[in-house]
Structures are given as C-alpha cells and as structure tokens.
Amino acid sequence: MRPIVIAANWKMNTTPADAGELARTIAGRTRVPGVTRVICPPFVCLAAVREALAGEDVAVGAQNVHHELAGAYTGEISAPMLDGLATWVIVGHSERRRDAGETDALIAAKLGRALAAGLRPILCVGELLEVRDRGAAAAEALVAGQLRGALEPNAGDALAGGTLVIAYEPVWAIGTGRNASGRDAAAMSEAIRGVLSGIAGLGSGQDTPILYGGSVTAANIGEFLTEPAIDGALVGGASLKPDEMAGIVGRAGVTAAARLATTA
Ligand code: PGA
C-alpha cells in the first residue's frame, strides 16, 4: 500500500522569526492518522521549523540541494549541510528549471547526492502549457523524458531504497489558480508509473508515491485523492495557510483510511 503524502512547499516565504510558529500551528491542525506530512521551508528557516516540530510526526524538507558535496559554489547548500536539519528534499522544481536553468542532467546529479545522503527526494516533473495544448500524449512524452533524464543516471542500487517520491506538477497549474483535472493528473500518474517500471534498477513503479501539485487547495484536493493513482499533493500557496492545510490533510486522511480498509 502506497502512503498518502502531503508536502508543503513554502517557496521563498517566511523568515526564521515566524516560520517556527507557522509550522507549529500547521502541525497542530493536521494531526490525521495515516497521512505523511512534510514541510519544506526556505533553507534559513530549516532550523527554526525543525525545532518547532520537535515531538510532532512531521518531516522537514529542503527545497533544493547542490549537486556537489563542497567547494567554491557561492551561495549554495550541499547535501551534507542538511544533515540534522532536513530528511526530505525537493529536486527539480519547475521554478528552478525555469529560474536557475536546471537541466535534467543537473537534476540527476542533485538526486544522486540526495539519495547518497539519505535524504528522501521529491522529484518534480511537469509540462509547459504549450506542450499540454498539443495533447496528453505530448505531455506524457515530455514528462517521460524528464523522468529518464533524472533517474537513469541514478538507476540501480542508488534507487533501490524505495524512498523516491514523484510530484507531477504541470507548470501551467503552479501558482495560477488553474489546477489540472483529477482525471488528467491520474492519467499522467499512470504514465509515470509505466516509465518508472521501465527504468532499470527502479523496480516496479507501482510502489512509488506520485503526488499532484499545482494550485491545490482544500476545495479541490478531493478531486485528486479520489483517484487511486494519486498518492497526495505538493502544495505551494495554500501550504502557508493553516486553514487550507487543515482541510487538505483532513481530506487526505479520508483516503488514507479508505486505503487501509481495502487492504485490511
Ligand atoms: P502552488 O505551487 O500550489 O502554489 O500552485 C505548487 C508547487 O509549486 O509546488
């Protein structure tokens, strides 16, 4: 049975002074059995959030990691530096592909560092609107290329730990208020599982949690979580709002309980 995961991507929001309280508030309002919760604040807020979440069953994640271990990389953060601060990491977010020019090859290297450091990666993939407008097959081909580019260099033992999580985030749905349909996101999730199963060393894609991301709110999360192929969400804007997170994780708990009931 795949876990249900709700991951909060705070992006470039919050400060060390206020992040801990926000994390504590969200944690307190989302104590729902069966849902894996992750909060990914900015690097400088990791320590405050980790401290605030002591005793809570909420994981802390970073939003990025460098592809080298150490060296002359001004302003960068490496995987060993995250030791003790984060146990998860977002890799290949479309905003970094767009703003920092991250390529699939670079993302593959970052993923390798994350896995080697024991960090649980959320690998983000997703198509631009111009690709989606050419149809589902074009979008699936684009996403398949992103998956192969990031995963094939790491296939084999590196991925055998089974910690990988994929977030399907159509770029046109991120921060726009225009979410994908649950059905389209589910179809893409199935396509992603097919690609994962075909990558040597990765085993069955059936075991890999696939999240949807892109304008997820408490009002629309149900549309995604009624799809058996979707295992949770990577939430941006709404993840800064405790009311929204309470609604999203509460709905995720319904799906988690239903999955448990069908396997019992
Ligand atoms: P959004 O962001 O929920 O604000 O659309 C999602 C993401 O980029 O992870």
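Helix α1 passes helix α9 in a right-handed crossing, a crossing being right-handed if the near helix is turned clockwise from the far one by less than a right angle, and left-handed if anticlockwise. Helices here are DSSP runs of H or I with at least four residues, strands are runs of E with at least two, and both are numbered from the N terminus. This is a predicted model, in which local features need pLDDT of at least 70 and side-chain atom pairs count only at pLDDT 80 or more, while totals for chains, interfaces and linings use all residues. Residues are numbered from 1 along each chain as its sequence is written, and side-chain values use heavy atoms, with hydrogens and water left out.

Two packed helices are described by the angle between their axes and the distance between the axes. For α1 (residues 19-29) and α9 (residues 242-263), the angle is about 35° and the axes are 9 Å apart. Axes are lines fitted to C-alpha atoms, for helices over the stretch in contact, and the angles run from 0 to 180 degrees between N-to-C directions. On the α1 side, L22, T25, I26 and R29 meet P242, D243, M245 and A246 of α9; contact means heavy atoms within 4.5 Å. These residues split into five nonpolar, one polar and two charged. In that count, Ala, Val, Leu, Ile, Met, Phe, Trp, Tyr, Cys and Pro are nonpolar, Asp, Glu, Lys and Arg are charged, and the others, Gly among them, are polar.

The loop between β1 (4-9) and α1 holds K11, and T14 is found in the loop between β1 and α1 as well. K11 has a positive phi of about 55° although it is not a glycine. T14 is also a residue other than glycine with a positive phi, near 80°. At 24% relative accessibility, T14 counts as partly exposed, a class that sits between buried (under 20% relative accessible area) and exposed (over 50%), using a 1.4 Å probe and protein chains only.

Another helix pair is α6 (residues 136-151) and α7 (residues 182-198), whose axes come within 10 Å and cross at roughly 40°. That makes α6 oblique to α7, since angles under 35 degrees count as roughly parallel, over 145 as roughly antiparallel, 65 to 115 as roughly perpendicular and the rest as oblique. The crossing of α6 past α7 is right-handed. From α6 the contact draws on A139, E140, V143, A144, L147, R148 and L151, and from α7 on A187, M188, A191, I192, V195 and L196. Of these residues, 11 are nonpolar, none is polar and two are charged.

The largest nonpolar core has 68 residues, and L123, L147, L151 and I192 have the most contacts inside it. Such a core is a set of buried Ala, Val, Leu, Ile, Met, Phe, Trp, Tyr and Cys residues joined through side-chain atoms within 4.5 Å. Beyond its neighbours within four places in sequence, L151 is in contact with L111, L123, L159, L164, L196, I199 and L202. A second, separate core of 13 residues includes C124, A167, L211 and L234.

I230 sits in the loop between α8 (221-225) and β8 (232-235) and is buried, with a relative accessible area of 0%. I230 and L211 are 19 residues apart in sequence, yet their C-alpha atoms are 5.8 Å apart. G213, in strand β7 (residues 210-213), is buried too, at 0%. Residues up to four places away aside, G213 touches Y168, E169, P170 and L234.
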